[in-house]
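Good morning, and thank you for joining.

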Amino acid sequence: MRAGDFARAWAINDHDLAMSGYPPKHTGPRHLQRIWRGESLANKHVLVRCYHGLGDTIQFLRFMQPLRGIAGSVTVWCQPELLPLVERTAGVDCALALHSGTPEADFEVDIEIMEVPHALKVGREQIEMSAPYLTLPPRSMPVSLDCEGLPVGLVWEVGQWDKRRAILPALLRRLAVPGVALHSLQREAGTEELAQIGARDISTPDIAALARLLCQLDFVICVDTMVAHLAGALGCEAWVLLHADCDWRWPSSGCRAFWYPSLRLFRQKTAGDWGAVILEVREALQERVRCEQKVTQYHLADATAPLVNSSCTGRRP
């Protein structure tokens, strides 16, 4: 999967599925359950269960449209906070809020969302993003980002799974370079943490509102967490900071991931050394500021010049 050899990955999965002995579907921790048994999905009413993390659901929503291309209908049983996005995703006929009981839906075949690409035997050409695949609900009142400098978002903490992904907030103070206005998207960040970083708190528990913030910011700097997937699925620019033994969905080298073309990857060269990563990001930030200043000087010199392409600033037109 990391190397993009999906034909080999599905062959291994087929063998594993055949040898598994089919334990009961709905026992034990949900994220460990094997739901799909290899049944055909063609012309069936399919229930897609979202039993992993928020980021996993966002990443694999791209497969709902090709699933709907063969299925009779697609119902997605997803985390409640993702409902406003899932119900607007191409290929989804119905979205229901996940809970600890049984789904209130009629279906013929069920499958966990991360099993869908295996069931469809997708290739790399179906996995690579050609366009954003999330649609936002109608706009509410946006948060004002009036500030001096490039508005840049920050996320540094993660959930309980694999705390190696988290960064101490004190390190992020080094990103407070001239010409950049730091904005914290970190949920429940403390006053002391925000003061250490020098960031303004604009966090929200509403994922649709968070998505709109990502669209307003120039870009976001984040660790490997849900925000990276949300930004990527929206086509927003994000700089993702990865620890040395990063998850399989990120390549083992290079600064780009075929899952999300708008993401730029910064990675540890030595396990646990976030200092060198932050220094690399700081230098990239300084270069972005210099680029922005050149654009500003160009417009001041020629007020009649057309708007510059957004590729330099990272801000979409």
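Why does the radius of gyration of the chain agree with that of a compact globule? With 317 residues, a compact globule would have a radius of gyration near 20 Å, and the chain has 21 Å, which agrees. The radius is taken over C-alpha atoms, and the globule rule is 2.2 Å times the number of residues to the power 0.38.

Two remarks on conventions. This is a predicted model, in which local features need pLDDT of at least 70 and side-chain atom pairs count only at pLDDT 80 or more, while totals for chains, interfaces and linings use all residues. Residues are numbered from 1 along each chain as its sequence is written, and side-chain values use heavy atoms, with hydrogens and water left out.

I continue with the chain as a whole. Along the principal axes, its C-alpha atoms fill a box of roughly 65 × 45 × 35 Å. Of the 317 residues, 50% count as buried, that is, under 20% relative accessible area with a 1.4 Å probe, protein chains only. Among contacts (heavy atoms within 4.5 Å) with a separation of 6 or more, 67% come from residues 24 or more positions apart.

The secondary structure comprises 10 helices and 10 strands. These are DSSP runs numbered from the N terminus: helices are H or I with at least four residues, strands E with at least two.

I turn to an open sheet of four strands, whose order is 3-2-1-4 with parallel pairing; two strands pair if DSSP finds at least two bridges between them. Strand 3 (94–97) and strand 4 (109–112) are the edge strands, each pairing on one side only. Within this sheet, strand 1 (residues 45–49) and strand 2 (residues 73–78) are joined in parallel by five bridges, and arginine 49 stands opposite tryptophan 77 in strand 2.

Finally, strand 8. Is strand 8, residues 219–223, mostly covered or uncovered? Strand 8 is mostly covered, with five of its five residues buried. In a regular strand the side chains alternate between the two faces of the sheet. Here, Phe219, Ile221 and Val223 are buried on one side, and Val220 and Cys222 on the other.

Strand 8 has parallel partners: strand 5 (residues 150–155), over four bridges, and strand 9 (residues 238–242), also over four bridges. Phenylalanine 219 is the bridge partner of valine 152, and tryptophan 239 in strand 9 is that of isoleucine 221. With helix 9 (residues 226–234), strands 8 and 9 make a right-handed β-α-β unit: with the strands pointing away from the viewer, the path from the first strand over the helix to the second runs clockwise.
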